[in-house]
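Me: I have a model open and would like to understand the words used to describe it. Could you take me through them?

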Amino acid sequence: MDMTGSRALVVGASSGIGAAVARTLAAAGAEVVAAGRRLDRLEQVAADAAHLRGSVGALVLDVADEASARAGVAEAAERLGGLDVVVNNAGVMLSSPVQTADPAEWERMTRTNLLGTLHVSHAALPHLLASRGTLVQTSSTSGRTASAGSGVYAATKHGVNAFSEALRQEVAAQGVRVVVVEPGMVDTELASHLTDPAMRTLAAQIAGEIRVLDPQDVADAVLFAVSRPAHVSVNEILLRPTAQV
Ligand code: NDP
């Protein structure tokens, strides 16, 4: 799966799935801009990729801030001379039952997971239309099925799926591919931000009981999708740990 010459922006690349995607694309030969808020972590991802065939450069942006998201996409396109692949991976999971929820967490999830994805997609679109490129959206199994305790997180991911399917139909004839990736539980920092004690306990319990996915498992799926020949569009990838019900 050769990505030599491909110019990729991975948003939400400072840890977890996004860091693995940035590294994996660079290993396949792509020139990658890895974006997020934590510069030190992004620089570490870039340094770890120094020996790979392609390259990784760090870029600070905050997708929850529209101006920052748009400026970041523009900066990445300028640095790389265009964009062939854009991975919308930034996300936060601040799940809690509706009754006890802090609406500030709803706002943060919506701004990051949903609005952030919309703004980055919109800003990236002219570049992807020019390159007949590929837009990858990290959704979730929660983009398919809502469950008690994660209504708003699931709402943001359902929103990502709906937006992405509409966009796919709009740009298909112009050669742009839209890929939705829906992982089950992955071993990352995501659950460390949970503030609801019951949700924290539940996440730790599941992680202790089953063999969850590694970020690399998801990165391998992303690489598969973006490296298909131009006439093949992998619209959706749903992958769970085998033991996850
Ligand atoms: P991590 O917490 O390790 O990674 C989240 C990434 O999103 C980080 O790079 C973080 O960077 C970035 N991010 C968060 N907020 C912002 C922001 N406002 N602006 C820019 N970047 C931001 O968790 P994961 O790797 O698990 O999460 C990646 C994606 O995968 C998310 O969209 C998540 O919903 C999804 N997912 C995860 C699953 C799991 O079980 N782990 C399952 C299904 C989907 P920084 O903090 O530096 O800004």
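Reply: Happy to. Thr-138 sits in strand E5 (residues 134–138); strands (E, at least two residues) and helices (H or I, at least four) are DSSP runs numbered from the N terminus. This is a predicted model, where local features need pLDDT of at least 70, side-chain atom pairs count only at pLDDT 80 or more, and totals for chains, interfaces and linings use all residues. Residues are numbered from 1 along each chain as its sequence is written.

Me: Why is Thr-138 called buried?

Reply: A residue is buried with 20 or more other C-beta atoms within 10 Å of its own, exposed with 12 or fewer, and partly exposed in between, with C-beta atoms placed from the backbone. Thr-138 has 29 such neighbours inside 10 Å, so it counts as buried.

Me: Which residues does Thr-138 contact, leaving aside neighbours within four places in sequence?

Reply: They are Ile-17, Asn-88, Asn-89, Gly-91 and Val-181; contact means that C-beta atoms, placed from the backbone, lie within 7 Å.

Me: Ile-17 is also in H1, where it takes part in the contact with H7. What makes H1 and H7 oblique?

Reply: Angles under 35 degrees are roughly parallel, over 145 roughly antiparallel, 65 to 115 roughly perpendicular, and the rest oblique. Helix H1 (residues 16–27) and helix H7 (residues 215–226) pack at about 50°, with axes 8 Å apart. Axes are lines fitted to C-alpha atoms over the stretch in contact, and angles run from 0 to 180 degrees between N-to-C directions. H1 and H7 are therefore oblique to each other.

Definitions and conventions. Two residues are in contact if their C-beta atoms, placed from the backbone, lie within 7 Å.
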